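Thanks for coming, everyone. Let me put the model up on the screen, and then I'll walk you through some of its contacts.

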Amino acid sequence: MNGGDGGGGGGGGEVAGATSGPPAALEWKFSQVFGERAAGEEVQEVDIISAIEFDKSGDHLATGDRGGRVVLFERTDTKDHGVSRRDLERMDFPIGRHPEFRYKTEFQSHEPEFDYLKSLEIEEKINKIRWCQTANSALFLLSTNDKTIKFWKVHEKKAKKITSMNVEPSRTMGNGSIPTPSNDFSFPPEGIPSLRLPVVTSHETSLVARCRRVYAHAHDYHINSISNNSDGETFISADDLRINLWNLEISNQSFNIVDVKPQNMEDLTEVITSAEFHPTQCNTLAYSSSKGSIRLIDLRQSALCDGHAQLFEEPEAPGSKSFFTEIIASISDIKFAKDGRHILSRDYMTLKLWDINMDSGPVATFQVHEYLRPKLCDLYENDSIFDKFECSLSGDGQRVATGSYSNLFRVFCCTPGSTEATTLEASKNPMRRQVQTPSRPSRSLSSITRVVRRGSESPGVDANGNSFDFTTKLLHLAWHPTEDSIACAAANSLYMYYA
């Protein structure tokens, strides 16, 4: 994955060829599950998770569901181990722990609405969540449904009580307030010796979620992406045909920076499927299309960035075109690596890793479920071929992950020479359906290593020889920003794994 930047060798360069190979394969273990359903329990549509996002520190995790709710979790293992930071720095060995989270709070982010002008029902389902910069121990995040983006502040609020009154304690109510005066209330005959002013004291704290701003009426089509800028002040929102640039402080105005809508809608050949800001360059963003291309644009070039600075697409293999070619080429998700040098994209069949300094093709291609290719006709009939799977990169950029059917997800190592391609199941025993099938690297296509890796490819069954279930699909997952830990959603359950 480190391509030409020389960052992947670690400290083992002294012994040539002995220790500079690919990293050892990770062994994934179950960590936690939230919202686990009992066998045979029916899942309510509104409880199905539709978005997952870690914050930059990895100490908080947010999920959104089809019922418009946002649920927050906070990390506990870093707070409870009782070892100071200074002691940790003195230790020569890492502490043997893995990320553990607990439920923090939840709030109703979106409600179902009705667009009377277009006679359209706008569902409350959360499409995307993005964390913003924290301030004064308060958490800030953006959440969006199909039409409306909201900016939320989640903070602790202390409940205040009035104490130290002139009235006898027995006459005060539970919250310290004075009861309604009654006829039998009278001053004592000798009077009150001294006047005590009421004192306000803070007691227990409660978490409060407050909607700070609502960014509405800027999209004619369904919003598929929101992404924060590294400047901390702006963010983008993308629908099928337009990308808008917003300032977090201004909710009644946005700038349209990309517009692919043709004058005649009959000339429409592709739509925007995903968009994301560069992690460090505030003027650069990338967006993907339904034709399988990724465009990198520079906001400094012009106000309307219809022209792209770079175009990434894989040339079509001659003679491979079929009815499904364009459908499965559509990119459902893109993510920048932390270093900003690489982009990971997910189309229906594959994960592709791109180097932004090389636009001739992906540097690596990972086959997610190649055994489905003979079943494309069935997948088209039941609309599964239009499922939008997300993808994720590890914090060090060495591995990538994405979901599949039967609640399976795949983890691949992108270091040149590695054949690591792990299949895991979203359950308490992630390795239960694992089959050790050596993945096969293809021949190098050029002087730059381009790798194609596959799992098991038995036709008619899934990667593990089991009958395939298109109804259980793992669309959403997120990789912890600093550790080898993955959170993924299987219907209404949130599963967490570590390695």
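Let's start with the aromatic rings: searching the whole structure turns up 23 aromatic pairs. Here, rings of Phe, Tyr and Trp (its six-membered ring) pair if their centres lie within 6.5 Å, and planes under 30 degrees apart count as stacked, over 60 as edge-to-face and the rest as tilted. One of the pairs is Phe140 with Phe151, which is stacked, at 5.7 Å centre to centre with 20 degrees between the planes. That pair links distant parts of the chain: Phe140 sits in strand β9 (residues 139-144) and Phe151 in strand β10 (residues 149-163), 11 residues apart. When I say helix or strand, I mean DSSP runs, numbered from the N terminus: H or I of at least four residues for helices, E of at least two for strands.

By buried I mean under 20% relative accessible area, while exposed is over 50% and partly exposed is in between, with a 1.4 Å probe and protein chains only.

Now look at another pair, Phe323 and Tyr380. Their ring centres are 5.3 Å apart and their planes are at 90 degrees, so this one is edge-to-face. Phe323 is in the loop between β19 (310-312) and α3 (325-329), and Tyr380 is in helix α4 (residues 376-381), so the pair ties together parts that are 57 residues apart in sequence. Phe323 is exposed, at 56% relative accessible area, and Tyr380 is partly exposed, at 30%. There's also a cluster, where ring pairs link Phe30, Phe409, Tyr495 and Tyr497.

A quick word on where all this comes from. This is a predicted model, so local features need pLDDT of at least 70 and side-chain atom pairs count only at pLDDT 80 or more, whereas totals for chains, interfaces and linings use all residues. Residues are numbered from 1 along each chain as its sequence is written, and side-chain values use heavy atoms, with hydrogens and water left out.

Okay, on to charges. Side chains of opposite charge can pair when their charged atoms come close. The rule for a salt bridge is a side-chain nitrogen of Lys or Arg within 4 Å of a carboxyl oxygen of Asp or Glu. How many salt bridges does that rule give? The count comes to 23.

Take Glu36 and Lys428: they form a salt bridge with the closest N and O atoms 3.3 Å apart.

Asp387 is in the loop between α4 and β24 (391-393), and Lys473 is in the loop between β28 and β29 (477-479), 86 residues apart. Asp387 is buried, with a relative accessible area of 15%, but Lys473 is partly exposed, at 24%.

What about Arg399 and Glu420? Their side chains meet in a salt bridge at 3.1 Å, N to O. Arg399 lies in strand β25 (residues 399-403) and Glu420 in the loop between β26 (408-413) and β27, so the pair ties together parts 21 residues apart in sequence. Both Arg399 and Glu420 are buried. And if you like networks, salt bridges link Lys118, Asp220, Arg242 and Asp259 into one.

Ile343 counts as buried, at 1% relative accessibility. Its C-alpha atom is separated by 5.1 Å from that of Trp354, 11 residues apart along the chain. Not counting residues up to four places away in sequence, Ile343 touches a list of residues including Ala286, Leu296, Phe336 and Trp354. Contact here means heavy atoms within 4.5 Å.

Finally, let's zoom out. The protein has 4 helices and 31 strands, and buried residues make up 48% of its 499 residues. Of the contacts with a separation of 6 or more, 59% are between residues 24 or more positions apart.
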